[in-house]
Amino acid sequence: MPKLIDYYSNLSTASPLTLAWHDVLHGFRSYQTWLYMGWQSVRLQYKRSLIGPVWISFTSGIYILMVGYVMSSLFTMRSTELIPWIATGFITWSLFTAFLNDSSTLFIQYAAMIKYTCHHYSFYTLFLMTKSIIVFLHNFLMALGVIIFFDTPLTWHMLIVFPSLFLIMMALLPWGFLLSILSARLRDLPPMIAAIFTTGLFVTPVMWKPEQLGSEYIYIVLYNPFHHIIALIRAPLLGEFPLLLNIAVTFGVAIGGWVLLFICLTFYRQRIAFWI
Amino acid sequence: MSSVARITLHNVHLSYPIYSPSNRLLRNRLLSFLLPFRKHLDPAMKPIQALRGIDLMLYAGNDYALIGKNGAGKSTLLNILNGVYQPSAGTIQRCFQHCTLLTPHSSINRGLSGLELILLYGMLLGETHTTMKHKIDEIALFAELSDSIHRPLHTFSTGMITRLLFTISISLQQDILLIDEALGSGDLAFMHKAKQRLRALAAQVMVISTHDLDVAHQLCNRGIWLEDGTVIAQGDINEVLKAYTKKYNHRMPALQSEDE
């Protein structure tokens, strides 16, 4: 692989932008390793429980049913309408809150491995992404069960979930990476992120529907990027196409994230090792 | 011996930035921006000069011993060679593909079994899953862990984990092997075997940072003596050890082997 030799031999003469690019490229190239590490990590987490990773689906399922019944009686809505809505929203919300929350402690947690074994920072974000997707797929199967149980018809639209998931991960990847870098430097960032997501759950239509807000407060939904990201998974599961606006906002989040990430990597990549 | 230098360091300086706890908070950064008349951030601390003007050329086929007191810059130099730290000034030329830094510290998940560690660590060092699968028996045998390889790592002693990581590193095609005090935690019989294996790896550069002058003398043919971030002496191991032992009144390891 001539590129590897070029990379190493020109380490001190290469521009920071080239090094940033190589970091991301090498991360993607070692896909076999982060896929393996991601899978092992989920497996070990649930190794001692009787039902293994199925526990993920089980706990989410209980949560969704409990919240679903309470919310449908509070809002006087039919549970067959609200529970599939909550199930599809909750699994997507869990995907990106878990990914972004874990991202904020990622480099601190893997400091020794970064220093001594593998120094491509993108590798760790990709490993975390694998882990989040595996957990999401367990939740996805549960959500599928819930929506079938509550009489939502199965349609071909559901297959759109997979390109949607790809787009969402491409949008979240740079933001997770950015958070990992910034949290290594600013140690009060991880609790701040956790607090933002706790509040975010209530201002994002996960457990309620946008039409319940009324036209006066609809901007809470319209300007909320989380809502648009959730809609990419939720709409196909409920038998609809996602809106063009949802796709456009997610693309915007992705492009903004990658641009910011490359700026941050170019200026700060060399210093991350001193921060952890 | 190849005449091509695998690593060339020219006038390399490295200063560690030091961050005080209050400067590591976003809250204080925001406050100092919003309320500039109040003091929220500590004045910037002076960075530590860990390395000053290092000139080194490491050639293939040589084994280098890094000696010096605690805080002399040995581990920092290993981190520079490994590529995780970038020099603050000076240039570094690296001509190789695979490099491993072996230390007793590691953030590896202790729930993994020994077998899974072999697969994962090998893959982290750039090997494929299939290649590592074929090497499992050989590695377990050399590390003398054939019986316990299926057990989780939290049942292993520190010495056993070090032995396993060390064996994985030397079983792979590595151009540069950097060892930071790692041999210390293996038992004597294993150390002897590891030394034999290390001696056989002539095609690569090995750099061992150690306080054990016997290890340095037995394993390496070149010595680098660091003190306060500068190279005091480098060259033939006997010459460097002679100068080092003279200064600190240590026993010269060569004398011991002659006695034997």
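1. The contact between chain B and chain A takes 43 residues from chain B and 40 residues from chain A, where contact means heavy atoms within 4.5 Å. The two chains bury about 3,900 Å² between them, with 59% of it on carbon and sulfur atoms; buried area here is the accessible area (1.4 Å probe) lost by two parts on being put together, summed over both. On the chain B side, Arg24(B), Gln86(B) and Leu124(B) lose the most area to chain A, together 18% of what that side buries.

2. A word on ground rules before going on. This is a predicted model, with pLDDT of at least 70 needed for local features and 80 or more for side-chain atom pairs, while totals for chains, interfaces and linings use all residues. Residues are numbered from 1 along each chain as its sequence is written, chains are lettered from A and ligands numbered from 1 in the order in which they are written, and side-chain values use heavy atoms, leaving out hydrogens and water.

3. What holds charge against charge across the chains? The count between chain B and chain A is one salt bridge, a salt bridge being a side-chain nitrogen of Lys or Arg within 4 Å of a carboxyl oxygen of Asp or Glu. The side chains that meet in a salt bridge are those of Glu116(B) and Arg43(A), at 2.7 Å, N to O.

4. Which elements of chain B touch chain A? Strand S1 (5-16), helix H1 (26-34), helix H2 (74-82), strand S4 (89-94) and H3 each supply at least two residues of that side. H3(B) gives the largest share, six residues. Helices (H or I, at least four residues) and strands (E, at least two) are DSSP runs, numbered from the N terminus. By type, the residues on this side of chain B divide into 20 nonpolar, 18 polar and five charged. Here Ala, Val, Leu, Ile, Met, Phe, Trp, Tyr, Cys and Pro count as nonpolar, Asp, Glu, Lys and Arg as charged, and the others, Gly among them, as polar.

5. Chain B as a whole has nine helices and nine strands. Of its 260 residues, 52% count as buried, meaning under 20% relative accessible area, with exposed over 50% and partly exposed in between (1.4 Å probe, protein chains only). Among the contacts in chain B with a separation of 6 or more, 70% are between residues 24 or more positions apart.

6. The largest nonpolar core has 157 residues, and Phe107(A), Tyr124(A), Ile181(A), Leu9(B), Leu164(B) and Val207(B) touch the most other members. Such a core is a set of buried Ala, Val, Leu, Ile, Met, Phe, Trp, Tyr and Cys residues joined through side-chain atoms within 4.5 Å. Neighbours within four places in sequence aside, Tyr124(A) is in contact with Leu106(A), Phe107(A), Tyr110(A), Met113(A), Ile114(A) and Cys118(A).

7. Over all chains, the structure holds five salt bridges. One of them joins the side chains of Asp23(A) and Arg269(A) at 2.9 Å, N to O. Asp23(A) lies in helix H2 (residues 16-29) and Arg269(A) in helix H12 (residues 244-275) of chain A, so the pair ties together parts 246 residues apart in sequence. Is this pair buried or exposed? Asp23(A) is buried at 0% relative accessibility, and Arg269(A) is buried too, at 10%.

8. Also in chain A, the side chains of Lys209(A) and Glu81(A) meet in a salt bridge at 3.2 Å, N to O. This pair links distant parts of the chain, 128 residues apart: Lys209(A) is in the loop between helix H9 (189-203) and helix H10 (219-222), and Glu81(A) is in helix H5 (residues 79-109). Lys209(A) is buried, with a relative accessible area of 9%, whereas Glu81(A) is partly exposed at 34%.

9. Glu144(B) deserves a look on two counts. Its phi is near 60°, a positive value in a residue other than glycine, and it forms a salt bridge with Lys193(B), the closest N and O atoms being 3.1 Å apart. Lys193(B) lies in helix H6 (residues 188-200) and Glu144(B) in the loop between H4 and H5 of chain B, so the pair ties together parts 49 residues apart in sequence. Both are partly exposed: Lys193(B) at 27%, Glu144(B) at 40%. Asn11(B), in strand S1, also has a positive phi, about 50°, without being a glycine.

10. Ser113(B) sits in the loop between strand S5 (99-102) and helix H3 (114-124) of chain B; apart from neighbours within four places in sequence, Ser113(B) is in contact with Ile149(B), His150(B), Arg151(B), Pro152(B) and Leu153(B). His138(A) lies in helix H7 (residues 121-149) of chain A and, on the same terms, is in contact with Pro53(A), Val54(A), Ile56(A) and Ser57(A).
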